Amino acid sequence: MRLLLLLLLCAGCGAQPAPLMFGGARHETVVDGHRYTVYRKANQVEVIREGWAAPGEHANIRATMIAVVPWLTGCDVLPSTVRGDSGEMRARVTCPKGRR
């Protein structure tokens with residue numbers, strides 16, 4: 001019973017990747033007071049913003065989510081593949097040789 005309670009508490013801690021991204025590299029950063037977690041696996045990325053955002057911040061947050069990917073992973077986002085919102089976003093990336 002204690003183990004189950006511990007697992008439930010841990011499940012609510014921090015960003016968790018989608019099942020597709022299990023085993024991917026995890027990167028974290030804070031930009032303008034918002035915490036972002038980026039998962040990269042092969043040519044896919046998932047960006048998760050943690051915490052609350054004011055209604056007027058969402059456009060800037062989406063731009064920041066795209067901008068942190070090359071900064072943290074060294075790979076460029078393919079703009080036509082971006083899906084999601086200012087809370088969770090997924091996209092394909094292209095990585096220079098040696099970053100694959």
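## Close-up views of a predicted model

**View 1. D32 is found in the loop between strand 1 (25-31) and strand 2.** Helices (H or I, at least four residues) and strands (E, at least two) are DSSP runs, numbered from the N terminus. The model is predicted: local features need pLDDT of at least 70 and side-chain atom pairs count only at pLDDT 80 or more, while totals for chains, interfaces and linings use all residues. Residues are numbered from 1 along each chain as its sequence is written, and side-chain values use heavy atoms, with hydrogens and water left out. D32 is not a glycine, yet its phi is positive, at about 50 degrees. Its relative accessibility is 70%, so D32 counts as exposed; the cut-offs are under 20% relative accessible area for buried, over 50% for exposed, and partly exposed in between (1.4 Å probe, protein chains only).

**View 2. A42 lies in the loop between strand 2 and strand 3.** A42 is a residue other than glycine with a positive phi, near 55 degrees. With a relative accessible area of 56%, A42 is exposed.

**View 3. Strand 6 has a covered face and an uncovered face.** M89, A91 and V93 make up the covered face. E88, R90, R92 and T94 make up the uncovered one.

**View 4. Strand 6 pairs with strand 3 in the antiparallel sense.** Two strands pair if DSSP finds at least two bridges between them. Here there are 5 bridges between strand 3 and strand 6. V45 stands opposite A91 of strand 6.

**View 5. Strand 4 (residues 76-77) also runs antiparallel to strand 6.** This pairing has 2 bridges. V77 is placed opposite V93 in strand 6.

**View 6. Strand 5 (residues 83-84) and strand 6 form a hairpin.** Between the two strands of the hairpin are 3 residues. The strands run antiparallel and are joined by 2 bridges. G84 has M89 of strand 6 as its bridge partner.

**View 7. The largest nonpolar core has 17 residues.** A nonpolar core is a set of buried Ala, Val, Leu, Ile, Met, Phe, Trp, Tyr and Cys residues joined through side-chain atoms within 4.5 Å. V47, M65, V69, V77 and V93 touch the most other members. Two or more residues each come from strand 2 (34-41), strand 3 (44-50), helix 2 (58-73) and strand 6 (88-94). Helix 2 gives the most, with 5 residues. In soluble globular proteins, nonpolar side chains tend to be buried together.

**View 8. C75 and C95 form a disulfide.** A disulfide is a pair of cysteine sulfur atoms within 2.5 Å, and a search of the whole structure finds 1. The sulfur atoms of C75 and C95 are 2.0 Å apart. The torsion about their S-S bond is about 105 degrees, so the disulfide is right-handed. The pair links distant parts of the chain, 20 residues apart: C75 is in the loop between helix 2 and strand 4, and C95 is in the segment after strand 6. C75 counts as buried because its relative accessibility is 0%. C95 also counts as buried, at 14% relative accessibility.
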